[in-house]
Amino acid sequence: YFTGQSSDSTSTYVFTAVGNYQMELTAANGCGANSAVQDIQIQGVPVISAPQNTTAHCTDYTYTPGFTFNNAGSTITSYSWSVSNNSGVTITNGTGPTPTITFTLPGTYTVTGTATNSCGSSSQSQTITIITTPTVTINPVTSQCVPFNVQPQVQINNGGSALLPTNGLGWVLSGGVANGIGFVAPSNSTNLNPNLSITIPG
């Protein structure tokens with residue numbers, strides 16, 4: 001825990017770890033020996049641990065970061081929190097160890113907590129991913145004479161998360177074949193750009 005010389009009355013010791021120590025000096029001559037004891041406390045900057053947050057969360061998402069703080073022997077006098085890419089972010093109780101943070105926009109954010117004591121400040125960060133529901137745009141289809149086939153063109157923003165493999169896409173044709181609209185095989189309702197047959201004006 002410390003290094004230094006122990007055979008000199010003016011030794012210099014270097015402490016390398018936080019803790020409570022006891023130093024004892026013994027002096028001896030021809031008449032005997034006598035000792036003196038001194039307690040010493042070594043403090044450090046706060047030690048912060050941040051858990052990993054590997055799960056993506058859907059907007060709007062509110063959470064508490066879950067950081068743990070060790071004061072390293074000196075009382076923590078202040079806390080502060082920041083979020084990179086902070087658009088759509090609200091921090092509540094941001095001067096304490098357990099803030100509440102709300103995300104209203106998708107993205108990847110870095111949450112940083114800082115603690116300060118008499119020895120200085122230290123910081124730790126956590127990455128969190130926020131996603132949202134997909135958005136879908138179908139390009140307009142020009143008017144044509146029946147019968148005709150059409151392959152709708154679409155744009156999809158997946159909201160930051162891959163579409164589900166089994167039911168991530170689903171077309172619904174109002175009325176179905178009875179009303180003159182249906183899928184042309186091998187197209188089906190789970191295709192991104194299915195081929196459709198329209199046989200009845202409407």
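What follows is a short chat about the strands, cores and aromatic pairs of this predicted model.

Visitor: Let's start with β12 and β13: how many bridges join them?

Guide: These two strands, residues 107-117 and 120-131, run antiparallel. A hairpin of two residues links them, and within the pairing T114 has S123 as its bridge partner. The number of bridges joining β12 to β13 is 11.

Visitor: Which strands are the edges of the open three-stranded sheet?

Guide: The order in that sheet is β7-β11-β10, paired antiparallel. An edge strand here pairs on one side only. β11 (residues 100-103) meets β7 over three bridges, with T62 facing T102. That leaves the edges as β7 (61-63) and β10 (89-92).

Visitor: Which element gives the largest share of the largest nonpolar core?

Guide: That core has 15 residues, and Y63, V83, I101, F103, Y109, V111 and I128 have the most contacts inside it. Two or more residues each come from β7, β9, β11, β12 and β13. The largest share is three residues, and it comes from β12.

Visitor: Now the aromatics: what kind of pair do F15 and Y21 make?

Guide: Their ring centres are 4.9 Å apart, inside the 6.5 Å limit for a pair. The planes stand at 55 degrees, and because that falls between 30 and 60, the pair is neither stacked nor edge-to-face. So F15 and Y21 count as tilted.

Visitor: How many residues apart in sequence are the parts that F69 and W81 tie together?

Guide: This pair is edge-to-face, 6.1 Å centre to centre with 90 degrees between the planes. F69 lies in β8 and W81 in β9, so the pair links parts of the chain separated by 12 residues.

Visitor: Is W81 buried or exposed?

Guide: Buried means under 20% relative accessible area. W81 has 11%, so W81 is buried.

How values were computed: Residues numbered from 1 in each chain as written. Predicted model: local features only at pLDDT ≥ 70, side-chain atom pairs only at ≥ 80, totals over all residues. Heavy atoms only, no water. Pairing = 2+ DSSP bridges. Helix = DSSP H or I, 4+ residues; strand = E, 2+ residues; numbered from the N terminus. Core = buried A, V, L, I, M, F, W, Y, C linked by side-chain atoms within 4.5 Å. Buried < 20%, exposed > 50% of the residue type's maximum accessible area, 1.4 Å probe, protein only. Phe/Tyr/Trp six-rings, centres within 6.5 Å; stacked < 30°, edge-to-face > 60°.
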